[in-house]
Amino acid sequence: MQLHVDLQRCRGHGQCVIAAPHVLRIGTRGQSTLINESLTDSFIDEARDAELLCPEEAISLTSDSDPAPLLPPPAVSLEN
Ligand code: SF4
């Protein structure tokens, strides 16, 4: 499992840190940051809670077996 924090979305509310104190902390820039890059099994539940509680949807938890995101379809020209 991998946890990702989207810093473009993070507003530093800190709910994630309360939910996952062994996984996340507020960094020097006032945004959520990972304490440890490797997410051990014992902290998966904390990470899930943080993902659910973030009001900005800035946290995503993905499985190593999740498929790669799909690319958008190619643009289609309507000109003749
Ligand atoms: S709850 Fe979301 S927006 Fe708030 S600090 Fe955590 S990741 Fe950032």
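This is a predicted model: local features need pLDDT of at least 70, side-chain atom pairs count only at pLDDT 80 or more; totals for chains, interfaces and linings use all residues.
Residue numbers start from 1 along each chain as its sequence is written.

The protein contains two helices and four strands, where helices (H or I, at least four residues) and strands (E, at least two) are DSSP runs numbered from the N terminus. Along the sequence, these elements are arranged in the pattern β-α-β-β-α-β. Of the 80 residues, 18% are buried; a residue is termed buried if 20 or more other C-beta atoms lie within 10 Å of its own, exposed if 12 or fewer, and partly exposed in between, with C-beta atoms placed from the backbone. Among contacts with a separation of 6 or more, 57% join residues 24 or more positions apart, a contact being defined by C-beta atoms, placed from the backbone, within 7 Å.

The largest nonpolar core comprises 13 residues, and those with the most contacts inside it are Cys16, Ala20, Val23, Ala47, Ala50 and Ile59. Helices α1 and α2 (44–53) are the elements that give two or more residues to this core. Such a core is a set of buried Ala, Val, Leu, Ile, Met, Phe, Trp, Tyr and Cys residues joined through C-beta atoms within 7 Å. In soluble globular proteins, nonpolar side chains tend to be buried together.

Beyond four places in sequence, Ala20 contacts Phe43, Glu46, Ala47, Asp49 and Ala50. Ile59 belongs to strand β4 (residues 59–62) and is buried because 26 other C-beta atoms lie within 10 Å. With neighbours within four places in sequence left aside, Ile59 is in contact with Leu3, Val5, Cys16, Ala50, Glu51 and Cys54. The C-alpha atoms of Ile59 and Ala47, twelve residues apart in sequence, are separated by 8.8 Å.

Pro21 is located in the loop between α1 (15–19) and β2 (24–26). With 13 other C-beta atoms within 10 Å, Pro21 is classed as partly exposed. Its C-alpha atom lies 10.0 Å from that of Leu34, 13 residues away along the chain.

The ligand is surrounded by 14 residues, of which Cys10, His13, Cys16, Ser32 and Cys54 are the closest; a residue is counted here if its C-beta atom, placed from the backbone, lies within 6 Å of the ligand. This shell consists of six nonpolar, six polar and two charged residues. In this classification, Ala, Val, Leu, Ile, Met, Phe, Trp, Tyr, Cys and Pro are nonpolar, Asp, Glu, Lys and Arg are charged, and the others, Gly among them, are polar.

How values were computed. Two residues are in contact if their C-beta atoms, placed from the backbone, lie within 7 Å.
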